[in-house]
Amino acid sequence: MELAQIKSSLEEGLLSFPVTDFNEKGEFNPGSYTERIEWFVGHKVSAVFAAGGTGEFFSLSANEYEQIITIAAKTAAGRVPVISSVGRSIPEAIGFAKMAEQAGIDGLLLFPPYLSECPQDGVYEYAKTIIQNTSLPVIYYNRGNGVLSADYIKKLADACPNLIGLK
């Protein structure tokens, strides 16, 4: 999907953050998840955020994540942008970003380091390293322990042309 279309979709309309479906054994349920994504897209949402905070990102295995984002991208089929989450450690985040690129995801939502207190310089370096290791457009989730000041956001945007927004 073209960058202008992704940006336009994110600027107006309803952004959807679907939960990830699991069966009674606690295993990912691809059938009901596919139906959920189709339902969202069919209701004219402007973008789907797959495997995010309400999508259980921090408790997903890499295999589950790959299945979820592949299904989301395939089901949306270019009708709306699909944004998937990345985060955790730097190597894991870069690995998730590579999976997203291969799955046909349109952009990434970068979570800050999980439950760690760190200075602005550390959060900036964390975000910059991950963003510079993907070709996808990235939205930085400026929350909780990973809030960057306006000066650091500007510095990050200057260093990373694929940073397209903040949540």
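How many bridges pair β2 with β3, and in which sense? β2 and β3 pair in the parallel sense over 3 bridges, where strands count as paired if DSSP finds at least two bridges between them. This is a predicted model, in which local features need pLDDT of at least 70 and side-chain atom pairs count only at pLDDT 80 or more, while totals for chains, interfaces and linings use all residues. Residues are numbered from 1 along each chain as its sequence is written, and side-chain values use heavy atoms, with hydrogens and water left out. Helices (H or I, at least four residues) and strands (E, at least two) are DSSP runs, numbered from the N terminus.

**Confidence**

- The protein chain has an average pLDDT of 93, and 99% of the residues score at least 70; pLDDT is the predictor's confidence in each residue, from 0 to 100.
- Confidence is lowest in helix α1 (residues 3-11), with a mean of 90, and highest in helix α4 (residues 90-103), at 98.

**Sheet**

- The open sheet has 6 strands in the order β1-β2-β3-β4-β5-β6, with parallel pairing.
- β1 (15-16) and β6 stand at the edges with a single partner strand each, so one side of each lacks a neighbour in the sheet.
- β1 and β2 run parallel and are joined by 2 bridges; the partner of L15 in β2 is A47.
- β4 and β5 run parallel and are joined by 3 bridges, with Y140 in β5 as the bridge partner of L110.
- Strand β5 (residues 138-140) is joined by 3 bridges to strand β6 (residues 163-166), again in parallel.
- Y140 also has a bridge partner in β6, namely L166.

- β1, helix α2 (residues 30-42) and β2 form a right-handed β-α-β unit; right-handed means that, with the strands pointing away from the viewer, the path from the first strand over the helix to the second runs clockwise.
- From β2 the chain crosses through α3 to β3, and this β-α-β crossover is right-handed.
- β5, helix α6 (residues 150-159) and β6 also make a right-handed β-α-β unit.
- Helix α3 (residues 62-76) lies across β2 (47-50) and β3 (82-86), and runs at about 165 degrees to β3. Axes are lines fitted to C-alpha atoms, for helices over the stretch in contact, and angles run from 0 to 180 degrees between N-to-C directions.

**Burial and contacts**

- Both faces of β2 are covered: A47 and F49 on one side, and V48 and A50 on the other, are all buried. Buried means under 20% relative accessible area, exposed over 50%, and partly exposed in between (1.4 Å probe, protein chains only).
- L109 belongs to strand β4 (residues 107-110) and is buried, at a relative accessible area of 2%.
- Not counting residues up to four places away in sequence, L109 touches F49, I83, S84, S85, V86, I139, Y141 and K167; contact means heavy atoms within 4.5 Å.
- L109 and A51 are 58 residues apart in sequence, and their C-alpha atoms are 9.8 Å apart in space.
- T134 sits in the loop between α5 (120-131) and β5, where T134 is buried with a relative accessible area of 9%.
- Neighbours within four places in sequence aside, T134 is in contact with A97, K98, E101, L108 and N162.

**Positive phi**

- Most residues other than glycine have a negative phi.
- K44 has a positive phi, near 60 degrees. K44 is in the loop between α2 and β2 and is exposed, with a relative accessible area of 72%.
- A51 also has a positive phi, near 55 degrees. A51 lies in the loop between β2 and α3 and counts as buried, at 0% relative accessibility.

**Cysteines**

- The structure holds 0 disulfides, a disulfide being a pair of cysteine sulfur atoms within 2.5 Å.
- C118 is in no disulfide, and the nearest cysteine sulfur, that of C160, is 16 Å away.
- C118 is partly exposed, at 29% relative accessible area, whereas C160 is buried, at 1%.
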